[in-house]
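Welcome, and thanks for taking a look at this one with us. Here is a short tour, arranged by topic, to read alongside the model.

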Amino acid sequence: MSKPDDLLVEVAAMVESEQTNQMSLTVVVHGAVITGRLAPEAVWRQRVAEVLKDSDRLGPFSSIFMKTEVAAHRREEGQPSTHLHFHVARILQGTLGIPETGGMYRIAIKDVSAWTVGDFSYSDN
């Protein structure tokens, strides 16, 4: 999308303001289908930092993700959300969700071409 969907921006803003991680969403971005739950940016950053901190090779990068004041300032100024922050998210590929356990994705709202409330899961039944 060249102009972000106003309704999707409102959904992202509500997740940020309520500090909730229970909103399930599925989006299409450049042909990829990504499904999972949204998290506030500060929560998402903290979780990514925790994962990186435990890595010998990637530990030094964890401090970059701990800079949550940027998100807080944007929220205080009333600026609209520019990104969706997914956790427990999967890229759907056929009958598989990658990664199987879910991952952390940051997606620019302007790149979302389609979306729906809820997440998709597959079963072999």
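Let's begin inside the protein: Thr35 has a relative accessibility of 0%, so it counts as buried. Please keep in mind that this is a predicted model. The chain holds four helices and five strands, and 34% of its 125 residues count as buried.

**Thr35 and its surroundings**

- Thr35 is part of strand β2, which spans residues 32-38.
- The side chain of Thr35 makes a polar contact of 2.7 Å with the side chain of Thr26.
- Leaving aside residues up to four places away in sequence, Thr35 touches Leu25, Thr26, Val88, Ala89, Arg90, Leu92, Gly118, Asp119 and Phe120.

**The chain as a whole**

- Among contacts with a separation of 6 or more, 61% are between residues 24 or more positions apart.
- The chain has an accessible surface of about 7,700 Å², and carbon and sulfur atoms contribute 54% of that area.

**Helix α1, end to end**

- Helix α1 covers residues 6-18, which makes 13 residues. From first C-alpha to last, α1 reaches 18 Å, close to the 18 Å expected at 1.5 Å a residue.
- Which residues of α1 are buried? They are Leu8, Val9, Val11, Ala12, Val15 and Glu16. These residues sit on the same side of α1, because they cover an arc of only 160° around the axis.
- At the start of the helix, a side-chain oxygen of Asp5 comes to within 2.7 Å of the backbone nitrogen of Leu7.
- After α1 comes Gln19, which has a positive phi, near 55°.

**Salt bridges**

- How many salt bridges does a search of the whole structure find? The search finds four.
- Lys3 pairs with Asp6 in a salt bridge, with 3.1 Å between the closest N and O atoms. Lys3 has a relative accessibility of 54%, so it counts as exposed.
- Arg45 and Glu41 form another salt bridge, and here the closest N and O atoms are 3.0 Å apart. Both partners belong to helix α2 (residues 41-53), where they are four residues apart, about one turn of the helix.
- Lys110 is partly exposed, with a relative accessible area of 44%, and Asp111 counts as partly exposed at 22% relative accessibility.
- Some salt bridges share partners, and these join Glu41, Arg45 and Arg106 into one network.

Terms used
Residues are numbered from 1 along each chain as its sequence is written. This is a predicted model: local features need pLDDT of at least 70, side-chain atom pairs count only at pLDDT 80 or more; totals for chains, interfaces and linings use all residues. Side-chain values use heavy atoms; hydrogens and water are left out. Helices (H or I, at least four residues) and strands (E, at least two) are DSSP runs, numbered from the N terminus. Buried means under 20% relative accessible area, exposed over 50%, partly exposed in between (1.4 Å probe, protein chains only). A polar contact is a pair of N or O atoms within 3.5 Å; within protein, one must be able to donate a hydrogen and the other to accept it, and residues adjacent in sequence count only if both atoms are side-chain atoms. Contact means heavy atoms within 4.5 Å. The expected span of a helix is 1.5 Å times one less than its number of residues. The arc is that of the directions from the helix axis to the C-beta atoms. A salt bridge is a side-chain nitrogen of Lys or Arg within 4 Å of a carboxyl oxygen of Asp or Glu. Accessible areas come from the Shrake-Rupley method with a 1.4 Å probe; for residues, only the protein chains shown count as cover.
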